[in-house]
Amino acid sequence: MSVQRTLAIVKPDAVAKRVVGRILTRIEEESFTILAAKLVHMSLAEARGFYYVHRERPFYESLCSFMTEGPCLLMVLEGENVIQRWRDLMGATDPAKAAAGTIRKEFASSIEANAVHGSDSLESAAIEIPYFFSSLELYPR
Ligand code: ATP
Ligand code: MG
């Protein structure tokens, strides 16, 4: 195992439901380090670019529209094996299938409005983090 970074997003549904604080508590309880964080209301172009890998999926346009409904909390988390550990904490994409105790089980509204995002691999994290955060914002500390 090694120290990794991942892009975590609290999606517009969870920001609108005012559960950001409770999700941040879960992150802190795992002892992940929040390296950087900002509230961003994405444009449609920004959402389309972020989810470009899903451009052929039937839910792509609806997903991109949902991601622009309001601001998201974007974060870079750091920690041992944080990519898998954050995804474990998020739970399954579909909240109906998410395990008890996961963030999606507790806070997601639907398979689309599912509260949080996390990079799914080192390769994805290496693309997703610089999509939203400059090297200056990730100043080593
Ligand atoms: P994320 O990439 O947001 O962390 P994930 O890796 O669990 O979630 P993906 O398969 O990458 O899931 O899908 C990206 C996002 O697209 C999901 O989080 C969800 O918001 C949306 N999505 C996935 N499947 C569907 C679907 N069948 N219908 C509507 N939206 C969906
Ligand atoms: Mg994904």
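1. Setting aside its neighbours within four places in sequence, Ile103 is in contact (heavy atoms within 4.5 Å) with Ile23, Arg26, Trp86, Leu89, Met90, Ala108 and Val116. Ile103 belongs to helix 6, residues 103-107, where helices are DSSP runs of H or I with at least four residues and strands are runs of E with at least two, both numbered from the N terminus. Ile103 counts as buried because its relative accessibility is 0%; buried means under 20% relative accessible area, exposed over 50%, and partly exposed in between, with a 1.4 Å probe and protein chains only. The C-alpha atoms of Ile103 and Ala8, 95 residues apart along the chain, are separated by 12 Å.

2. A word on the basis of these values: this is a predicted model, in which local features need pLDDT of at least 70 and side-chain atom pairs count only at pLDDT 80 or more, while totals for chains, interfaces and linings use all residues. Residues are numbered from 1 along each chain as its sequence is written, chains are lettered from A and ligands numbered from 1 in the order in which they are written, and side-chain values use heavy atoms, with hydrogens and water left out.

3. On the overall fold, the chain has 7 helices and 4 strands, and from the N terminus on its elements follow the order β-α-α-β-α-α-β-α-α-β-α. The radius of gyration, taken over C-alpha atoms, is 14 Å, which agrees with the value near 14 Å for a compact globule of 141 residues; the globule rule is 2.2 Å times the number of residues to the power 0.38. Along the principal axes, the C-alpha atoms fill a box of roughly 40 × 35 × 25 Å. Of the 141 residues, 47% count as buried, and of the contacts with a separation of 6 or more, 77% are between residues 24 or more positions apart.

4. The largest pocket has a volume of about 690 Å³ and is lined by 25 residues, of which Tyr51, Val53, His54, Leu63 and His117 lie nearest its centre. Two or more lining residues come from each of helix 3 (44-50), helix 5 (82-90), strand 4 (116-118) and helix 7 (122-132), and the largest share, 4 residues, is that of helix 7. A pocket here is an open set of points on a 1 Å grid over the protein atoms alone, where a 1.4 Å probe fits, with protein on both sides within 12 Å along at least five of seven lines, and lining residues have an atom within 4 Å of a point. Grid points are joined across faces, edges and corners, and the volume is the space filled by probe spheres set on the points.

5. Val40 lies in strand 2, residues 33-40, and counts as buried because its relative accessibility is 18%. Leaving aside neighbours within four places in sequence, Val40 is in contact with Gly70, Pro71, Cys72 and Leu74. The C-alpha atoms of Val40 and Ile27, 13 residues apart along the chain, are separated by 19 Å.
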